[in-house]
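The following note sets out points for a colleague's review. Please read it alongside the sequence and the coordinates shown here.

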Amino acid sequence: MGLRAVRTDGFALVTVAIATLVAAPLVGLPLSFLTAPGGLSEFSGFVPEALVATVLLLLGVGAGTLVLGAGLALLVSFCDFPGRGWIEWALVLPLAMPGYVFTLFALSLDVPGIRSTAGAICVLTLVLYPYVYLLARAAFLGQSRTLLEAARGLGLSRRRAVARVGIPLARPAILGGAALALMEALADFGTVNLLGVRTFTDAIYRVWFGAFDRDAAMQLATLLVSVTLALLVLERLARGRARHAQLAARGDAVPPVPLHGPAAALALLGPLALVALVVLAPLAQLGVWSVESLAGGLLPPEFASAVRNSLLLAGISALLVPFAALLLAYGVRTSRSRLAGGASRTATIGYGLPGSVVAVAVIVPLGWLERRIDGVAGTGLLITGTVLALLYAYVVRFLALAWGAVETGLLRVPRQLDEAARGLGADRLDVLARVHVPLMRTGLATAALLVFVEVMKELPATLLLRPLGGDTLAIAVWQATSESLYETAALPALLIVVVGLLPVMLMIRLSGRRGAPLEAAQGAGAWAEELEATPA
Amino acid sequence: MSKVRLRGISKSFGRVEAVREVTLEIARGELVAVLGPSGCGKTTLLRLIAGFEAPDTGCVVVGDEMVAGPGRLVPPEKRRIGMVFQDYALFPHLSVEANVAFGLATRDRAEREALTRRTLELVGLQHKAGSHPSELSGGERQRVALARALAPEPDLVLLDEPFSSLDATLRAGLRREVELILRDAEATALLVTHDQEEALSLADRLAVMREGRIVQVGEPVEVYGRPATRWAAQFVGEVNVLAGVASGGGVETELGVFDLRVPASGAVHVAVRPEQLELSARRDGNAEVVAREFRGHDVLYRLRHEGGRTVLVQLPSLELHEVGARVFVRPAPAVVTTLVD
């Protein structure tokens, strides 16, 4: 049936087409080494500099997020103290704070030594630790009580039982969280650029805009991709070891130990101070400046157009990307062909990749296509100078994010429903429209929300591909901050953070309250998976 | 000398009284089974002894030390009690060897290695020392769990439904194996189970538990042959409870006259096990075969007696009676029965 099924299967073809559109630019990146072998020679100083800065950044952020994220997860999973229910979720809030917005806050305070690699490490650790925290917490809460009891029955104190059984079992999840945080750190452009740390993303930007050298940019992007892929492999290896942890996830959850007196106060106030520093204080400061600039009429004239551009781009992407993801996921489901499965895996590799890489990758095939069309019809810069290139980049970058949410929703629809509908005379498109989409509303809405927020926050791809006059809120924040106009940056930054809080709030609501710790853990885990959204 | 003593232990969870006034002694080297239906509180009893729960009242004494009691609660890691969990709770990130050595952290290295090796040999798994729990069969996992509990040479080993997650076909063999390992290790052990066959065949003594209370303690033969209550009689094996009139050492029932263990008089009930009856094919018999359960070496018949009641009879499978056959049922020779409530 194989060949015939593929030939007659429209959905499999759509799946393959989407996958090709998404993956082709990325496959093209390394080709730049062939077409322009000496491309990087002009920038020979950039590579070692970027390599050292990037590796230092990764080491620092890795250590920082591991200690902070896993430590906080241990605290809320194994200890009980007044206010734990609130702290558990408040610790997730920094996810809504883009690195460059927190950098804006740190710069405005003139923190000594902030313009350094160490400064960037601190900033990124503070906004990225929730990845480790969420996955570690889910792993701890999913552990069965009997395993820790078995360790205690064998003569270990509670503390040592956690150290020798609890933490080793959660190690794959903790490392997986750290890998996610590192991929975000690797993709970051705003923080490192504003703090003057010359990593790969910054080098790509300088080569692109400073020298207009696309070949060199592509080659730098290729090098950055290799580092990202190495991280992905590490994450996969960590996950392979995670299988035995699931074997252990039976029985009741571990009951937390109550803390009293100073320990309880510290357990409450420490995390509270952290969240106040990373989320509340910046929000308050941005709020004050926003009110001042609104009252004083200090808003730049571009502000309105930046809001409009951001909303348009995010809105269109929020429709386009989940739709593509739905077609992709549904194609895999109905055709059940290996081809479609492989295609979906290929199509979702983009999310681990930095926005600057994606931008550099899509521009070349688009430019080629544009010249062809221009040659025939004389249309000029039809694509690369317009919003189309940017939307294409967003699809490549965020398809996996939407795919995760959509696929989770699709898996919850039992196959018997497909078969029942087909038996009642619906064709596959009917089934999608009349059965799946209504049943998957939540999944699709989640996907749309996630994409909307990510596009609002997105900086590097937008910066490299935006058409003339196409500044967004994120770009306004970056531009104003780099010129030390912090008050001007405040209102756009505030809008980005407030929008960014939406999915975090949604996750907290979906995960439910205390009392259902396992479910909550699964909710958080699933959400983190969606964030990661790289198919297993 | 008693190795483990439980004195009047009670434990409630909210309004649920899980364990009520339980008193039990376990002698050194003895294997005691707590038998009861699910939800009777037997697992809670085990967790109270292990130290994972604190009793509301009563005390637990292990050897010479009170480990739980008024004003005293020794944490589980200081109790020298080994536990085999229902789902084994093997550490999935550690090898078999490391699992077994886990409780030996305070010993010096040579002793640790020797004990680990000896315990693995005891359970016959020395060849699996380097494997991970996920690579083992169910029976092997169980033996690792047992070895892990035995390695630190605990004063008491607790086994929580140790055979419930195994295939029925494996159970009988493993039961014998576990018993031999426990005897070899000269361990003092308390096992909880809801499986009466398991309890009867394995334990030196049996404690039958119902709704948080122990209703009878005794050797298996005694608990089976002299049930303390009608409920205990019905829970531990099959039984016919017959009404009758006692006078002196005998009781007259509709199935005939039985000898009584303890003389009595007046209207009574007696517990008659199916194997304490016999039957023969007779056209003018007093009962009819309604159903037949063939069990290999024996057969369980369900009869309808002419008085209307159902009677269970167990016989060797040498001679079979067909369903629908007319039979004559009467007491087997030299049967002694027990009064129940």
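1. Why does Thr103(A) count as buried? Thr103(A) has 28 C-beta neighbours inside 10 Å and therefore counts as buried (buried means 20 or more other C-beta atoms within 10 Å of the residue's own, exposed 12 or fewer, and partly exposed in between, with C-beta atoms placed from the backbone).

2. On provenance, this is a predicted model, in which local features need pLDDT of at least 70 and side-chain atom pairs count only at pLDDT 80 or more, whereas totals for chains, interfaces and linings use all residues. Residues are numbered from 1 along each chain as its sequence is written, and chains are lettered from A and ligands numbered from 1 in the order in which they are written.

3. Thr103(A) lies in helix α6 of chain A (helices are DSSP runs of H or I with at least four residues, strands are runs of E with at least two, and both are numbered from the N terminus). Leaving aside residues up to four places away in sequence, Thr103(A) touches Val123(A), Gly190(A), Thr191(A), Leu194(A) and Leu195(A) (contact means that C-beta atoms, placed from the backbone, lie within 7 Å). Ala120(A) is 17 residues from Thr103(A) in sequence, and their C-alpha atoms are 8.3 Å apart.

4. The helix as a whole, residues 99-108, has nine of its ten residues buried, so α6 of chain A is largely enclosed by the rest of the structure. Among the buried residues are Gly99(A), Tyr100(A), Phe102(A) and Phe105(A). The cover over the buried residues includes α7 (117-141), α10 (190-195), α14 (261-295), α23 (473-482) and α24 (486-510) of chain A. Just after α6(A), Asp110(A) adopts a positive phi of about 60 degrees.

5. The packing of α6(A) against α24(A) deserves a separate entry. Their axes come within 10 Å and cross at roughly 145 degrees (axes are lines fitted to C-alpha atoms, for helices over the stretch in contact, and angles run from 0 to 180 degrees between N-to-C directions). From α6(A), Val101(A), Leu104(A), Leu107(A) and Ser108(A) meet Tyr486(A), Ala489(A), Ala493(A), Ile496(A) and Val497(A) of α24(A). By class, the residues of this contact are eight nonpolar, one polar and no charged (Ala, Val, Leu, Ile, Met, Phe, Trp, Tyr, Cys and Pro count as nonpolar, Asp, Glu, Lys and Arg as charged, and the others, Gly among them, as polar).

Key. Contact = placed C-beta atoms within 7 Å.
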